Structure formats: C-alpha cells, structure tokens
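Reader: Please show me how to read a model like this one, feature by feature. I'd like the general idea before each case.

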Amino acid sequence: MDPVVRRPARESGCTVLVAEGVYRGLYVGFLWGTWLTSSEVNHQAKKNGVALASRLSLLLTSYPVILSNAIKASFAFSSFFGLFSLLKCNIEGGRRNESAKTTFLAGTISGVGLGLLFARIYGERMNWRNIVVTGLITGGICAGGQYWKNSHSGL
C-alpha cells in the first residue's frame, strides 16, 4: 500500500513550491552541466592520449563550452523542477498529502512536456516512443523517491 504523509495546509499556495523548485533546478543543473561537460572533455582528451597536464590545460581553455552547457542544464533542470512542483501541488489540490501516485503523475507529465519542449528547441525530430518512455521513467524515479521519503519519514 502506498504510504501517505499528511502535511498542514499550505498558506502560500503553490507559488513558494514552484519558486523553490526553479531555484533548486538552477543550481543543480549548473553543477550537473559543469560536471558532465568537464568529464566529457577530460574523457575525450584521455582517449586521444593527451597527458594529464595538457588535459588540465584543455579543461581550463574549454570553459566557454563548459559554461554554455552548464547554463543549458540549469535551464533544463529549473524548468523540470518548476513544472513538476506546479503540477504536483495542483494535482494534490485540497487533499494536502504526498503520495507516490501524485508524484508519479506529476513526474510523468513533466517528463513528457519537457521532452516535447526540448525536441522543439533543439530541432530534433520528435520520437514519440522515446518521449513517452522518458516521461514514464521520470515519473517512476519521482514516485520511487517520494515512496522512499514517505516510508522513512518516521526515522
């Protein structure tokens, strides 16, 4: 059975939760984009046999690419976190509970919506199967996290 955690009614509505989601997404996305791009630059240099000192120099000179990807990741994460928070808050509505079911639904819709948005932004051909599967996986990850949080909230 899906554990449900009751929480007090929100006095400020969903606005604070959405703002918090966007804020968290900005810094998580920036860290993710910086780490991922730096790792990729380092991996490619290592694969091509570049010495360690040269790889460090390459990382320092690659900062425009690293920064650009960090900013893109910040946008992506903040969009997802904000949309997810908005949907989750509105789906829960007046019930004021946090269940894995509402989290799954909000995560799935957010994943599909952002998949469509980014396919359009980057000019990629929309592959509906990939977008839907990504949404379902995203929803599953969100629901799993919520279920774990709810089942361990008494610790």
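Author: Start with helix packing: an axis is a line fitted to C-alpha atoms, for helices over the stretch in contact, and angles run from 0 to 180 degrees between N-to-C directions. This is a predicted model, where local features need pLDDT of at least 70 and side-chain atom pairs count only at pLDDT 80 or more, while totals for chains, interfaces and linings use all residues. Residues are numbered from 1 along each chain as its sequence is written, and side-chain values use heavy atoms, with hydrogens and water left out.

Reader: Fine. At what angle do H2 and H3 pack, and how far apart are their axes?

Author: The H2 and H3 axes are 5 Å apart, at an angle of about 55 degrees. To label that, angles under 35 degrees are roughly parallel, over 145 roughly antiparallel, 65 to 115 roughly perpendicular, and the rest oblique. So H2 and H3 count as oblique to each other. The contact (heavy atoms within 4.5 Å) is made by Leu 59, Leu 60 and Thr 61 of H2 with Tyr 63, Pro 64 and Ile 66 of H3.

Reader: Let's zoom out. How many helices and strands does the protein chain have?

Author: Helices (H or I, at least four residues) and strands (E, at least two) are DSSP runs, numbered from the N terminus. By that count the protein chain has five helices and two strands. Walk along the sequence and the pattern reads β-α-α-α-β-α-α. Among contacts between residues at least 6 apart in sequence, 77% join residues at least 24 apart.

Reader: How much of the protein chain counts as buried?

Author: Buried means under 20% relative accessible area, exposed over 50%, and partly exposed in between (1.4 Å probe, protein chains only). Of the 155 residues, 32% count as buried. The accessible surface of the protein chain comes to about 10,000 Å², and 67% of it belongs to carbon and sulfur atoms. Those areas come from the Shrake-Rupley method with a 1.4 Å probe, and for residues only the protein chains shown count as cover.

Reader: Now the inside. Which residues form the largest nonpolar core?

Author: In soluble globular proteins, nonpolar side chains tend to be buried together. A nonpolar core here is a set of buried Ala, Val, Leu, Ile, Met, Phe, Trp, Tyr and Cys residues joined through side-chain atoms within 4.5 Å. The largest one has seven residues: Phe 80, Phe 84, Leu 87, Ala 106, Leu 114, Phe 118 and Cys 142. Helix H3 (63-92) and helix H4 (100-121) each supply at least two residues of this core. Leaving out residues up to four places away in sequence, Phe 84 touches Thr 103, Ala 106, Gly 107, Ser 110 and Cys 142.

Reader: Which residues does Ile 91 touch?

Author: With the neighbours up to four places away in sequence left out, Ile 91 touches Thr 102, Leu 105 and Ala 106. Ile 91 lies in helix H3 and is partly exposed, because its relative accessibility is 28%. Ile 91 and Leu 105 are 14 residues apart in sequence, and their C-alpha atoms are 8.4 Å apart.
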